[in-house]
Amino acid sequence: MPQTDTGARRAILPLLAFAMLIVSLDQYIVVVALPEIGRALGYSAQTLQAVISAYAVASAGFLLLGGRASDLLGRRRVLVTGLVLYGAGSLIGGVATGPGVLLVGRAVQGLGGALVFPATLALINTTFPEGPPRNRAVAVWGGTGAAGLVIGVLLGGVLTQAFGWEAVFFVNVPLAALALVLTFVLVPADGEREHGRRFDLPGALTAALGITLLVFALVQGPNLGWISPGVIVSAVGAVLALTGFVVLERRGGDPLVPPRLLANRNLVTASAMAFMFWATFGSVLYFLTLYFQDVRGYDALGTGVAFLIPTAVVVAGSTFAGRVATRWGLRPTLVAALAVGAVGAVALGLAMSPDAAYASLIPGLVLTSVGDGIAFTMIFIAAGTGVADREQGVASGIASTSTSIGAAVGLALLVLVAAAGTEGLAGESLRVETAAGLRTAVFAIAAGIGATALLALNLRPDPRTRAEAPCPRGVTVRAD
């Protein structure tokens with residue numbers, strides 16, 4: 001996009017952060033409303049999880065495609081399309097009168113989110129030059145994204161209690177509409193497409209199919225059974241599609257994922273860390289929600305209020321992260337943040353007894369949230385470091401796809417850990433064993449966060465030069 005002056009940058013940044021907040025909210029805003037959704041629409045205990053997985057599967061499958069589209073079709077165009085889809089999906093969900101319609105709405109929401117996420121990050125990374133300006137901008141963007149995950153639980157509880165489950169969908173419609181209007185006002189129009197660059201439709205479709213089938217198998221494995229026909233067919237289909245994707249990428253002249261991006265150590269490391277981040281920190285919110293509701297007996301509003309402290313700390317940590325990274329560097333900041341987060345998860349697990357007072361959870365909540373907020377921001381700063389402007393969209397798509405796969409893998413495995421020993425129990429014995437299982441899952445999360453800190457050691461300690469991507473033969477690049 002054309003260079004923007006400082007005033008324009010300051011105007012664009014709040015919009016991009018707001019758009020990121022909207023899609024982040026939906027990761028968990030429906031969690032506390034699930035019991036009421038199940039009763040209203042006739043979901044069984046075995047099928048209710050599909051309300052979550054429909055969004056996750058659709059989002060994961062199209063994040064890479066959304067990133068590529070941002071680079072080739074224009075970042076504003078993709079952002080606008082994503083916001084329209086997200087708002088439409090939310091409206092469909094809110095008016096749903098049966099399980100099928102709601103799942104369609106959730107899938108459309110997920111598709112919209114898959115376009116908004118990489119488009120906003122690509123716009124950040126192409127609007128703000130690498131270094132302190134970008135660090136500060138990603139800190140704002142990341143702060144709203146990380147906070148949105150926690151605010152979603154809080155807002156979901158308040159809306160469900162006050163207006164019913166439909167409100168957790170309807171609230172997104174005016175928010176998306178406002179972001180859409182502001183996008184046309186504040187974001188410069190996209191220029192013409194670069195001549196000679198291909199969309200790589202075969203690669204995009206095989207990647208989307210493979211990732212969608214993979215995430216479906218991971219999400220549905222605990223519910224349907226790992227050896228059920230649907231899960232096995234999905235897993236085999238994922239392997240075949242992703243194998244086809246690799247073959248197509250090796251033969252393509254302008255592949256969806258250029259090999260030079262995979263040679264960027266910071267991007268590859270950041271993507272691996274993004275996978276681990278969502279498998280660990282991303283799962284904490286889910287298990288805390290179960291703990292508050294199923295063990296401690298909180299209602300939807302009480303569960304939301306319980307997340308006030310984590311919300312405030314995540315926002316503060318994310319905002320603080322950009323300054324710390326500029327002063328200390330990416331690697332030291334990430335290692336320290338993840339170490340704090342691991343200690344916080346251990347403290348949280350130790351406090352999650354069947355009858356623990358909320359106050360006993362606060363130290364663990366604060367430390368975990370500090371690590372959460374800082375690490376979220378730092379990972380995406382690292383993902384954009386050393387990547388040329390013309391490839392920021394697909395780089396964002398790679399990192400964000402890792403988050404979705406990580407969330408699916410982490411939750412699939414940790415749910416098995418948390419549920420071990422609860423089969424056939426009821427009443428007080430079920431409550432006590434549920435607390436024990438949730439504690440074990442949180443301890444496993446602490447170990448995963450520690451492993452993520454080791455991954456952070458692979459980051460380049462002081463990247464100072466940008467790797468400008470060479471253009472494929474015959475490609476004309478317009479001035480950015």
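## Exercises on a predicted model

Leu63 is found in helix α3 (residues 50-73). Helices here are DSSP runs of H or I with at least four residues, numbered from the N terminus. This is a predicted model: local features need pLDDT of at least 70, side-chain atom pairs count only at pLDDT 80 or more, and totals for chains, interfaces and linings use all residues. Residues are numbered from 1 along each chain as its sequence is written, and side-chain values use heavy atoms, with hydrogens and water left out.

### Exercise 1. Surroundings of Leu63

Task: decide whether Leu63 is buried or exposed, then list what Leu63 touches.

Solution. 
- Step 1. Read the value. Leu63 has a relative accessible area of 2%, so Leu63 is buried.
- Step 2. Search for contacts, meaning heavy atoms within 4.5 Å. Leaving out residues up to four places away in sequence, Leu63 touches Gly113, Ala114, Phe117, Pro118, Gly397, Ser400, Thr401 and Ser404.
- Step 3. Check a pair separated in sequence. Leu63 and Ile211 are 148 residues apart in sequence, and their C-alpha atoms are 9.6 Å apart in space.

### Exercise 2. Two helices

Task: compare the span of α5 with its expected value, do likewise for α12, and locate the kink in α12.

Solution. 
- Step 1. Take the expected span as 1.5 Å times one less than the number of residues.
- Step 2. Helix α5 (residues 99-127) has 29 residues. From first C-alpha to last, α5 reaches 42 Å, close to the expected 42 Å.
- Step 3. Helix α12 (residues 265-295) has 31 residues and reaches 43 Å, close to the expected 45 Å.
- Step 4. Look for a bend, the angle between axes fitted to the seven residues ending at a residue and the seven starting there. α12 has a kink of about 30°, centred on Phe277.
- Step 5. Check cover. In α5, 21 of 29 residues are buried. In α12, 25 of 31 are buried.

### Exercise 3. Salt bridges

Task: count the salt bridges and work through the pairs of Glu391 and Arg431.

Solution. 
- Step 1. Apply the criterion: a side-chain nitrogen of Lys or Arg within 4 Å of a carboxyl oxygen of Asp or Glu. The structure holds six salt bridges.
- Step 2. Glu391 pairs with Arg260, with the closest N and O atoms 2.6 Å apart. Glu391 sits in the loop between α16 (358-384) and α17 (392-419), Arg260 in helix α11 (residues 259-262), 131 residues apart.
- Step 3. Glu391 is buried at 2% relative accessibility. Arg260 is partly exposed at 31%.
- Step 4. Arg431 pairs with Asp355 at 2.9 Å, N to O. Arg431 lies in helix α18 (residues 427-456), Asp355 in the loop between α15 (330-351) and α16, 76 residues apart.
- Step 5. Arg431 is buried at 16% relative accessibility, whereas Asp355 is exposed at 57%.
- Step 6. Asp355, Glu428 and Arg431 are linked in a network of salt bridges.

### Exercise 4. One more pair

Task: find the salt-bridge distance between Glu130 and Arg134, and classify both residues.

Solution. 
- Step 1. The side chains of Glu130 and Arg134 meet in a salt bridge at 3.6 Å, N to O.
- Step 2. Glu130 is partly exposed, at 22% relative accessible area.
- Step 3. Arg134 is buried, at 2%.

Note on methods. Buried means under 20% relative accessible area, exposed over 50%, partly exposed in between (1.4 Å probe, protein chains only).
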